[in-house]
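Please consider the following structure together with its sequence. The paragraphs below lead through it one region at a time.

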Amino acid sequence: MKECVVVDGVRSPNFRAHAEKGWARNLRIDEILTQVYEGLFAKNPKVKPEDVDALFCGSANQSGPQADIARLGWLAGGFPESVGTCSVGQQCPSGMAAVEFGARTIMCGEADIVIASGAEDMLVGRGGGGGGMDMAPRLAQRYNVMDFPMGMTAEKVGTMWNVSKKSAHLLSYHSNINAAAAVEAGKFKDEIIPIKGCVKDDGSSFVCDKDQWVRPNVSMEKMESMQPAFKEGGLVTAAGSSPLTSGACAVLLMSREKADALGYTYHIKYAGGSMAGCDPTVMGIGPLYAAQKLLKRKGLDAKDIGVWELNEAFGTQGVAVLRELGLGDEAPFKNVNVWGGALALGHPLGESGARIIITLNNIMKTDYKDAKYGLAMLCGGFGNANATLWQNVNK
Ligand SMILES: CC(C)(COP(=O)(O)OP(=O)(O)OC[C@H]1O[C@@H](n2cnc3c(N)ncnc32)[C@H](O)[C@@H]1OP(=O)(O)O)[C@@H](O)C(=O)NCCC(=O)NCCS
C-alpha cells in the first residue's frame, strides 16, 4: 500500500447562513467553493489543476446548487474537464468521507494527487433545511420520525446520557474561548482563503478572511438564560447548538512519493478510517462508536491519541461522546478542539468533516508537533458517523 499525506488544506471562513446577516448571503456555495479551489492552487503553484487525478466533494444536501457540486462546481470554476470528479453524500460526514475516499484511492495506487473537498450552504431556502427530502413511509413503522430532526436527537442524547444543559453550555463556552484565542493568535491564517464578494450588515462589500460566528465575549450567564430551541422545557438552546453556517474547504492529498518528488513537506499521513451507524434518533452519539471501532481495529487506546477533533454538532452530543471515550467529565476536555469547535466556529454540515481534518493537520504541525496520532470524528443525520486517524510521519 502507498502512503497518503496531507500536503495542504484550505477553507473559506465559516459564514452565518442568514438572509440578512450572513456575510456570504450574496454568494452561491459553488462560487465559494471555486474561490477555495483557486486559493488552493495559488498557494500550491507546483500543482496544476490538470495534474489532479481525482476530485471528491461532500455535501449533505445534494440538491439545488449542491446537486453534483463536485462536477458542476469544478466546471463552473473553469477547471479542466479532464479531471474526474465525484460528489459524496453521507449527511454531515460527507466531507470526511470525501477525504477518506481520496486517501484510499491514493493508497490503492489509483491516484497520486487528489483534492478532497466539502461545501454546504445552510441558508434555509437555498440548500439548508433538508428541502427536497422524501422519506420512505416504512421508516415510520420502525422509528418515531418526529425524533429525526437534528435538534430532537440532541435532546434525546442529552437525556439518555445524562448531560445537563449547563454541561452542554460549558462545552460551548470553552469552544468559543478556544476559537477566539486561536483567531486572536492568527492560527487560522494558513487555512483561510479570503473570499471576495462578501457583504457586511450595512450592505458594503468586502473580502472576508475571518469566521463570522466566533464569540470572544461568550458568557455562561447569557447562555444559561437562553430558551430551548427545539422542545418546550428542553436542554438544547441556540448556544448549545452549532449554528446555521455556510462554507467550503479543500484538502490536497498526495502519495508520499509524489509529494517528495515535488519537494513538498508534510506532517501527517492517513492511518485509517471507520464508519459506524447508530439509532437515527440519537445520531449524535455515533462518533463514539466510530472512534471505538477505529481504535480497536488499529490496536490503540484513547490514551494513545495526542489530539482530538470532535465536530460539536450540539453541546449535549459532544459531552456524551467525550465522556464515554473517557476524556473527562466536563469541558474543557483535554486535547480536544484546542482551536475551538463547531459550537463556536459553525458547522456547514457536509463540509465540516473535511474542515476538521484541515484544522487537525495545522494543530499537529504547530501546537502539537510531538503528538503521534490525531483523531477527527463527527456524527451525521440519520445515524451515520465517521472517524479518521492521522499519524505524524516522523513517528
Ligand atoms: C438552534 C437554531 C434553531 C437557532 O437558530 P436561530 O433561531 O436562527 O438562531 P441564531 O443561531 O441566529 O441565534 C439566535 C440568537 O442567539 C444568539 N446566540 C447564539 N448562540 C449564542 C451564544 N453562545 N451566546 C450568546 N448569544 C448566542 C445569536 O447571535 C442570535 O442573536 P442575533 O441574531 O442577535 O445575533 C439553529 O442554529 C439550528 O438549527 N442549529 C442546529 C443546526 C443543525 O441541525 N446542524 C446539524 C447538526 S447534526
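**A guided reading of the model**

Leu27 is placed in the loop between strand E2 (15-16) and helix H1 (29-43); helices (H or I, at least four residues) and strands (E, at least two) are DSSP runs numbered from the N terminus. This is a predicted model, in which local features need pLDDT of at least 70, side-chain atom pairs count only at pLDDT 80 or more, and totals for chains, interfaces and linings use all residues. Residues are numbered from 1 along each chain as its sequence is written.

Leu27 is buried because 21 other C-beta atoms lie within 10 Å. A residue is called buried if 20 or more other C-beta atoms lie within 10 Å of its own, exposed if 12 or fewer, and partly exposed in between, with C-beta atoms placed from the backbone. Not counting residues up to four places away in sequence, Leu27 touches Ile32 and Gly197; contact requires C-beta atoms, placed from the backbone, within 7 Å. Pro280 is 253 residues apart from Leu27 along the chain, and their C-alpha atoms are separated by 32 Å.

The largest nonpolar core has 129 residues, of which Val36, Val251 and Leu253 touch the most other members. Such a core is a set of buried Ala, Val, Leu, Ile, Met, Phe, Trp, Tyr and Cys residues joined through C-beta atoms within 7 Å. Leaving aside residues up to four places away in sequence, the contacts of Leu253 include Cys4, Val6, Ile106 and Val114.

Helix H10 (residues 315-324) is mostly covered, with 8 of its 10 residues buried. Among them are Gly315, Thr316, Gly318 and Val319. The cover over the buried residues of H10 includes helix H6 (165-184), helix H9 (286-298), strand E11 (307-310) and strand E12 (373-380). H6 packs against H10 at an angle of about 90°, and their axes are 8 Å apart; axes are lines fitted to C-alpha atoms, for helices over the stretch in contact, and angles run from 0 to 180 degrees between N-to-C directions. The angle therefore makes H6 roughly perpendicular to H10, a term that covers 65 to 115 degrees, whereas angles under 35 count as roughly parallel, over 145 as roughly antiparallel and the rest as oblique. At this contact, Ser167, Ala168, His169, Leu171 and Ser172 of H6 meet Gly315, Thr316, Gly318 and Val319 of H10. By class, the contact has 3 nonpolar, 6 polar and no charged residues. Here Ala, Val, Leu, Ile, Met, Phe, Trp, Tyr, Cys and Pro count as nonpolar, Asp, Glu, Lys and Arg as charged, and the others, Gly among them, as polar.

After H10 comes Gly326, whose phi is positive, near 80°. The loop between H10 and H11 contains Pro332, which is joined to Ala331 by a cis peptide bond with omega of about 5°. Asn335 is also found in the loop between H10 and H11, and its phi is near 60°, a positive value in a residue other than glycine. Asn335 is partly exposed because 16 other C-beta atoms lie within 10 Å.

Finally, 18 residues surround the ligand, the closest being Met150, Ala229, Ala239, Ser241 and Ala313; a residue is near a molecule or strand if its C-beta atom, placed from the backbone, lies within 6 Å of it. Helix H5 (150-160) and helix H7 (220-224) each supply at least two residues of this shell, which has 10 nonpolar, 6 polar and 2 charged residues.

Conventions:
Contact = placed C-beta atoms within 7 Å.
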